[in-house]
Amino acid sequence: MIDLLDLSNWKKQKDIILELHREYGINISSREWRTQVERWNKKFADGEVDIYITHSNSKGFKATKDYNEAKIARNDYMKRAINMIKKAYDCDRGFRNLNNYKFDYESGELK
């Protein structure tokens, strides 16, 4: 499906989905589109295709052989991964703190 599109320039996801519907009669959701991009990029990593599909929150999607353009998506993945690790850490910390005693200095009570 991705090879049907001209992604030589940046293209927004909604425009891609609309083009697939109008030009090729393919109806997909935005989630399905992102899954297709993931599969394509896995093929790129495995050496099956020679173009990487990068994404940008502001520009959309683009097919590229330029690592600097691909780093836009790569950096987004790294940022998301770090945020997810922080959220997992906060969850663990919260549950560890459930079993901690708290001391009220004003009343002198252990809670």
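Ala-63 counts as partly exposed because its relative accessibility is 21%, where buried means under 20% relative accessible area, exposed means over 50% and partly exposed lies in between (1.4 Å probe, protein chains only). This residue is found in strand β2; strands (E, at least two residues) and helices (H or I, at least four) are DSSP runs, numbered from the N terminus. With residues up to four places away in sequence left out, Ala-63 touches Leu-7, Ile-51, Tyr-52 and Ile-53, a contact being heavy atoms within 4.5 Å. Ala-63 and Ile-51 are 12 residues apart in sequence, and their C-alpha atoms are 6.1 Å apart in space.

The structure is a predicted model, in which local features need pLDDT of at least 70 and side-chain atom pairs count only at pLDDT 80 or more, while totals for chains, interfaces and linings use all residues. Residues are numbered from 1 along each chain as its sequence is written, and side-chain values use heavy atoms, with hydrogens and water left out.

Two aromatic pairs are present in the structure. Rings of Phe, Tyr and Trp (its six-membered ring) pair if their centres lie within 6.5 Å; planes under 30 degrees apart count as stacked, over 60 as edge-to-face and the rest as tilted. Trp-33 and Phe-61 form an edge-to-face pair, with 5.5 Å from centre to centre and 85° between the planes. This pair links distant parts of the chain, as Trp-33 is in helix α2 (residues 30-45) and Phe-61 is in strand β2 (residues 60-64), 28 residues apart. Trp-33 and Phe-61 are both buried.

The pair of Phe-44 and Tyr-52 is also edge-to-face, with centres 5.4 Å apart and 65° between the planes. Phe-44 is found in helix α2 and counts as partly exposed because its relative accessibility is 32%. Tyr-52, in turn, counts as buried because its relative accessibility is 14%. Apart from residues up to four places away in sequence, Phe-44 touches Val-49, Asp-50, Ile-51 and Tyr-52.

The protein as a whole has three helices and four strands, in the order α-α-β-β-α-β-β from the N terminus on. Its radius of gyration is 22 Å, whereas a compact globule of 111 residues would have a value near 13 Å. The radius is taken over C-alpha atoms, and the globule rule is 2.2 Å times the number of residues to the power 0.38. Along the principal axes, the C-alpha atoms fill a box of roughly 75 × 30 × 25 Å. Of the 111 residues, 24% are buried. Among contacts between residues at least 6 apart in sequence, 36% join residues at least 24 apart.

The accessible surface comes to about 8,600 Å², and 51% of this area belongs to carbon and sulfur atoms; areas come from the Shrake-Rupley method with a 1.4 Å probe.
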